[in-house]
Amino acid sequence: MSQLATPPPPYYYLPINLRPDTLGNPDWMNKGDNAWQLTAATLVGLQSVPGLIILYGGAVKKKWAVNSAFMALYAFACVLICWVCWGYQLSFGDQLIPIWGKVNVALEQKYLLRQAFLGNFPNATMVFFQFVFAAITLVLIAGALLGRMNFYAWMLFVPLWLTFSYTVGAYSIWSLNGWLSTAGMIDYSGGYVIHLSSGIAGFTAAYWVGPRMTKDRQNFPPNNILLMLAGAGLLWMGWTGFNGGDPYMASTDASLAVLNTHVCTAASLLTWLILDIVFFGKPSVIGAVQGMITGLVCITPAAGVVQGWAAILMGICSGGIPWFTMMVVHKKSELLQRVDDTMAVFHTHAIAGSLGGILTGLFAEPNLCNIFYGKYADYLGLFYGFHLGDFRRGFRQIGLQLLGVLFVVVLNVVMTSLICLLIQVFVPLRMSEEDMEVGDEAAHGEEAYAIWGQGERLDSTRFATNDLELGSKSQIQMT
């Protein structure tokens, strides 16, 4: 009696280039998800390098263009080394305490080629994806400190803040074992971990570093608005990966998150633009960029768990409320006036991030939450709680969102203050008055723009025929 042949495995019928193999394509890995995750990570990385590098370089006074861009570039590189050596495992590794993982490296081949804690791709992909989020958080903090922070102090600040603040927030909110994560708080893609954290940390660090020179605070025009817009464009388009990558798969939820992101951002930009026209009489390009950023930040904690109409409402709120805090409340608040937040990170990230988290607690749709969280089906926005008659779960969700805001604020005020106090024991937090007067050349021995010949400065005295002409040329240069 002949034996029946063993049927081939299901993947036998796939094209050969899609079949799993025992070496580079194990059966748990999905090639499409892995490809999308690496693409999304690259898009997020482009938001920092070169996105925020050229946004900062164009948005500041000419004498600070090099220093501002270099603070961002240094942070990106420094975070990567810290991340693979200890940061990733502190944020997503085995639990040490409910807010922190155990110290370990993420460099060994055996570990990097295993399946990640979520998603059908290897740890190596997850480490890279989470790195670009950690890096942009430090780059955003730099925005509050441009134009006066001692670069050597910044070199110390980056690894210390990543280690003792970012990893705590990431583990608490994103790790499967974190206390806010297991409690059921929603932070789809970093409204709390990245934006609220960077806004509060940047504002706190700006308090300890102190303000720019008085004349720089009073007159700080962008040296290149077109360059700033190019950076802003990279930031906006890069958000496709920022929010689209967080389902950890190329899924319908990823598609929804991407669309909601851009819809909310457009609504926010237009709202800010209209308010500028109504109250100031002119459409401001810089204002439009601010409105764009607040929209991106606001939708981030909600991107894949709210419907399209909610994304538009969130965009209107994110274009209006941060505009009000920046244009009205800021001018009346003694504390906000005293702290010199160069790029208004407090308003564009702390206010917009906490706003997005709270609105997520109102608009989170239960079916979308079920798609994103899978077995964790207890997420329910307050408005849907009213609609379904489940008031307890609705109020619980908004309570958890508010608790998350409180936790992130306290964590970053305390840790950022302690880090700044520690650093100033070894190096000054601020540049000297003489160096701040000069700017880039004093800090780095380099300038952003060559204005004559092959990088040489224009010596106007060679062309002055009399003292009057010399005075006129000097005045033009200063302007």
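Q: Is F151 buried or exposed in this model?
A: F151 is buried, since its relative accessible area is 11%. Buried stands for under 20% relative accessible area, exposed for over 50%, and partly exposed for what lies in between (1.4 Å probe, protein chains only).

Q: Before we go on, what kind of model is it, and how are residues numbered?
A: The model is predicted: local features need pLDDT of at least 70, side-chain atom pairs count only at pLDDT 80 or more, and totals for chains, interfaces and linings use all residues. Residues are numbered from 1 along each chain as its sequence is written, and side-chain values use heavy atoms, with hydrogens and water left out.

Q: Back to the rings. How many aromatic pairs are there?
A: A search of the whole structure gives 30 aromatic pairs. Rings of Phe, Tyr and Trp (its six-membered ring) pair if their centres lie within 6.5 Å; planes under 30 degrees apart count as stacked, over 60 as edge-to-face and the rest as tilted.

Q: Why is the pair of F70 and F151 called stacked?
A: The ring centres of F70 and F151 are 4.9 Å apart and their planes lie at 20°, so this pair is stacked. It links distant parts of the chain, 81 residues apart: F70 belongs to helix 2 (residues 65-92) and F151 to helix 5. Helices are DSSP runs (H or I, at least four residues), numbered from the N terminus. F70 is partly exposed, at 34% relative accessible area.

Q: And what about W83 and Y88?
A: That pair is edge-to-face, because the ring centres are 5.9 Å apart and the planes are at 75°. W83 is buried at 0% relative accessibility, and Y88 is buried with a relative accessible area of 0%.

Q: New topic: how many residues does the largest nonpolar core have?
A: The largest nonpolar core has 105 residues, and Y56, L138, L145, W154, F157 and Y166 have the most contacts inside it. Helix 4 (residues 123-143) gives the largest share of this core, 14 residues. A nonpolar core is a set of buried Ala, Val, Leu, Ile, Met, Phe, Trp, Tyr and Cys residues joined through side-chain atoms within 4.5 Å. There is also a second, separate core of 23 residues, which includes I299, A311, M314 and A364.

Q: Which residues does Y56 touch?
A: Not counting residues up to four places away in sequence, Y56 touches S68, A72, V139, L140, A142, G143, L146 and M343. Contact here means heavy atoms within 4.5 Å.

Q: What volume does the largest cavity have?
A: The volume of the largest cavity is about 30 Å³. A cavity is a set of points on a 1 Å grid over the protein atoms alone where a 1.4 Å probe fits but cannot get out, and lining residues have an atom within 4 Å of a point. Grid points are joined across faces, edges and corners, and the volume is the space filled by probe spheres set on the points.

Q: Which residues line the largest cavity?
A: They are W161, S165, Y166, G169, A170, V193, S197, L411 and N412. Helix 5 supplies the largest share of the lining, five residues.

Q: Last one: where is S268, and which residues does it touch?
A: S268 lies in helix 10 (residues 252-280) and is buried, with a relative accessible area of 0%. Leaving out residues up to four places away in sequence, S268 touches G291, T294, G295, G315, S318 and G319.

How values were computed
1 Å grid on protein atoms, 1.4 Å probe; cavity = no way out; pocket = protein on both sides within 12 Å on 5 of 7 lines; lining within 4 Å. Helix = DSSP H or I, 4+ residues; strand = E, 2+ residues; numbered from the N terminus.
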